[in-house]
Amino acid sequence: MPKTKRLAILASGNGTNAQQISEYFSNRSDVVVDIIIYNKRDAYVAVRAQKLGIESRYFSRRDFMESDVVLDLLKARGIDYVILAGFLLLVPDNILEAFPQRVLNIHPALLPKFGGKGMYGHHVHEAVVANHETETGITIHVVDNRYDCGTTIFQARCKVASTDTPDDVAANIHLLEKEYFPKVIDAYIFDKPMPIQQS
């Protein structure tokens with residue numbers, strides 16, 4: 001019997017992606033979302049985790065950056081992959097070294113465009129509209145020690161109309177995230193072909 005892959009999700013905010021990933025794998029025996037870790041005390045992702053029946057834990061920025069407390073928890077729970085779902089801290093080196101090529105992130109733009117420190121969430125969509133882009137999308141990548149610079153493993157695209165607001169762009173990006181992030185995680189951890197975007 002193959003070992004069940006154990007995922008830890010790191011989040012900072014609302015947690016829609018964390019919920020979608022958790023629901024996607026909820027009836028699987030080969031993958032389990034073991035824990036959701038968040039770094040903002042009032043993050044709504046904690047409420048989502050409770051509703052999903054998944055343990056969640058809060059850790060401060062200092063916990064992440066200045067100690068091994070988070071790493072020790074991941075090791076104690078036998079975590080295989082760390083998934084960032086709206087997690088706004090730079091992942092510390094101790095976690096990256098313990099999980100080489102096993103930390104994944106999703107970014108709401110077509111990297112290398114609109115990436116880097118401070119480029120997250122609505123800031124990205126506002127920049128896309130301000131720059132008069134005709135398309136944008138999502139990038140799923142392996143995490144390294146720089147914001148949004150790790151190896152890209154998947155991108156999906158959507159059109160941006162000249163009349164689109166940042167909210168319009170955000171709505172289209174959320175659809176792509178919902179459709180592809182869980183499937184790409186699934187493909188990556190089991191070394192299966194990546195999904196192909198349907199036009």
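Biologist: Asn105 lies in strand 5. What makes a run of residues a strand or a helix here?

Modeller: Helices (H or I, at least four residues) and strands (E, at least two) are DSSP runs, numbered from the N terminus. This is a predicted model, in which local features need pLDDT of at least 70 and side-chain atom pairs count only at pLDDT 80 or more, while totals for chains, interfaces and linings use all residues. Residues are numbered from 1 along each chain as its sequence is written, and side-chain values use heavy atoms, with hydrogens and water left out.

Biologist: Why is Asn105 called buried?

Modeller: Buried means under 20% relative accessible area, exposed means over 50%, and partly exposed is in between (1.4 Å probe, protein chains only). The relative accessible area of Asn105 is 9%, so Asn105 counts as buried.

Biologist: Which residues is Asn105 in contact with, leaving aside its neighbours within four places in sequence?

Modeller: Contact means heavy atoms within 4.5 Å. By that rule Asn105 touches Leu84, Thr139, Ile140, His141, Val143, Asp148 and Phe181, once neighbours within four places in sequence are set aside. Phe59 is 46 residues from Asn105 in sequence, and their C-alpha atoms are 19 Å apart.

Biologist: Why is Thr134 called exposed?

Modeller: Thr134 has 58% relative accessibility, which is over 50%, so Thr134 is exposed. Thr134 sits in the loop between helix 6 and strand 6. Not counting residues up to four places away in sequence, Thr134 touches Lys159 and Val160. Asp42 is 92 residues from Thr134 along the chain, with 36 Å between the two C-alpha atoms.

Biologist: How do you know that the buried residues of helix 6 line one face?

Modeller: In helix 6 (residues 121-130) the buried residues are Val124, His125 and Val128. Seen down the helix axis, these buried residues fall within an arc of 95°, so they line one face of helix 6. The arc is that of the directions from the helix axis to the C-beta atoms. The cover over the buried residues of helix 6 includes strand 5 (103-107), strand 6 (135-142) and helix 7 (166-189).

Biologist: What makes the buried residues of helix 2 a face?

Modeller: Val45, Ala46, Arg48 and Ala49 are the buried residues of helix 2 (residues 45-52). They fall within an arc of 160° seen down the axis, so they line one face of helix 2. The face turned away from the buried side carries the exposed residues Gln50 and Lys51. The buried residues of helix 2 are covered by elements including strand 1 (5-11), helix 1 (16-24), strand 2 (31-38) and strand 3 (56-58). Just after helix 2 comes Gly53, with a positive phi of about 75°.

Biologist: Which phi does Asp191 have, and why is Asp191 called exposed?

Modeller: Asp191, not a glycine, has a positive phi of about 55°. Asp191 is in the segment after helix 7. Its relative accessibility is 72%, over the 50% cut-off, so Asp191 counts as exposed.

Biologist: Is the peptide bond from Leu111 to Pro112 cis or trans?

Modeller: The bond from Leu111 to Pro112 is cis, with omega near 10°. Pro112 is in the loop between strand 5 and helix 6.

Biologist: Turning to the whole chain, how many helices and strands are there?

Modeller: The protein chain has 7 helices and 7 strands. Along the sequence their pattern is β-α-β-α-β-α-α-β-α-β-α-β-β-α.

Biologist: Why is the protein chain called as compact as a globular protein of its length?

Modeller: The radius of gyration is taken over C-alpha atoms, and the globule rule is 2.2 Å times the number of residues to the power 0.38. The chain's radius is 16 Å, close to the 16 Å that the rule gives for 199 residues, so the chain is as compact as a globular protein of that length. The C-alpha trace spans about 50 × 40 × 30 Å along its principal axes. Of the 199 residues, 46% count as buried.
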